[in-house]
Amino acid sequence: MEVLPPTLSSACEQPLLYDGTTRLYMSYVCPYAQRAWITRNYKGLQEEIELVPMDMADKPAWYKKVYPKNQVPALEHNKKIIGESLDLIRYIDTNFDGPKLITNDPQKQRFAEELLGYSDAFNRAMLDGLRSKGPVTAEAVAALDKIDSSLSKFDYGPFFLSQFSLVDIAYAPFIDGFQIFFAGIKNYDITKGRVHIRKFIETKQDPEVLLALTKKKFGV
């Protein structure tokens with residue numbers, strides 16, 4: 001089992017940049033960074049991609065020189081820095097070995113692009129629903145219903161495309177978090193009446209569990 005490195009604070013020194021090491025600059029608790037972390041782990045790249053976890057409340061000043069947007073995640077690879085979580089998970093899937101996370105089925109590819117393009121709107125609707133006063137907003141309810149319906153388009157779940165893919169990785173950290181936040185802040189169960197979201201959350205997105213489920217689906 002991988003021993004996770006300690007979180008870096010503002011007092012920590014910068015790793016030597018562009019020394020040939022591939023590094024994932026991230027935060028253990030940031031859902032955007034978790035997208036890249038899940039992708040790395042699912043593809044079995046723990047030895048190829050080194051984690052550089054940071055304290056987002058006490059971020060090292062040198063990080064802004066590494067990635068001027070000063071956000072996580074960012075990947076240092078082949079003497080360049082790649083950022084933006086959705087772009088980054090595509091990059092990792094394309095440029096590294098391991099199980100592929102993009103389907104070859106044209107219909108599923110189109111649906112994957114639609115869902116990846118919708119992810120920011122989903123997150124906005126859910127965050128607005130958390131911030132609003134009173135009951136959960138109609139927009140948040142509609143966003144959850146859309147995701148629940150999407151999870152059953154090709155199968156009965158727990159995955160969007162009937163097999164684990166980048167789409168699941170894009171949504172998993174956020175849906176897991178929203179379940180906790182809506183229950184604690186709004187006293188609202190996002191899985192109630194949404195069997196597909198419930199199954200998706202129950203998977204917990206553990207790479208070993210996901211791999212086992214995918215192998216079972218393919219009869220491997």
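Let's begin with a right-handed β-α-β unit, built from strand β1, helix α1 (residues 31-42) and strand β2. Keep in mind as you look around that this is a predicted model.

With β2 (residues 50-53), β1 pairs in the parallel sense over four bridges. Along that pairing, Arg23 stands opposite Glu50, and Tyr25 stands opposite Val52. Strand β1 also pairs with β3 (residues 74-77), this time in the antiparallel sense and over three bridges. Here Leu24 has Leu75 of β3 as its bridge partner.

Now look at the two faces of β1. Both are covered: Arg23 and Tyr25 are buried on one side, and Leu24 and Met26 are buried on the other.

Another is Glu50, where the closest N and O atoms are 3.5 Å apart. This second pair links distant parts of the chain, with Arg23 in β1 and Glu50 in β2, 27 residues apart.

The side chains of Asp93 and Lys43 meet at 3.0 Å, N to O. Asp93 belongs to helix α3 (residues 85-95) and Lys43 to the loop between α1 and β2, so this pair ties together parts that are 50 residues apart in sequence. Are its two members buried or exposed? Asp93 is buried, with a relative accessible area of 3%, and Lys43 counts as buried at 4%. Elsewhere, salt bridges with shared partners join Asp19, Arg23, Glu50 and Glu76 into one network. The count for the model comes to eleven salt bridges.

Let's finish on the surface. Ile180, Phe181 and Ile185 form a nonpolar patch there, and together they have about 330 Å² of accessible area. Ile185 lies in helix α6, which covers residues 166-185. With a relative accessible area of 58%, Ile185 is exposed, because that term applies to values over 50%.

Note on methods:
Residues are numbered from 1 along each chain as its sequence is written. This is a predicted model: local features need pLDDT of at least 70, side-chain atom pairs count only at pLDDT 80 or more; totals for chains, interfaces and linings use all residues. Side-chain values use heavy atoms; hydrogens and water are left out. Buried means under 20% relative accessible area, exposed over 50%, partly exposed in between (1.4 Å probe, protein chains only). Two strands pair if DSSP finds at least two bridges between them. A crossover is right-handed if, with the strands pointing away from the viewer, the path from the first strand over the helix to the second runs clockwise. Patches are made of residues with over 30% relative accessible area and no salt bridge: like charges are joined within 9 Å, nonpolar side chains (Val, Leu, Ile, Met, Phe, Trp, Tyr) within 5 Å. Accessible areas come from the Shrake-Rupley method with a 1.4 Å probe; for residues, only the protein chains shown count as cover. A salt bridge is a side-chain nitrogen of Lys or Arg within 4 Å of a carboxyl oxygen of Asp or Glu.
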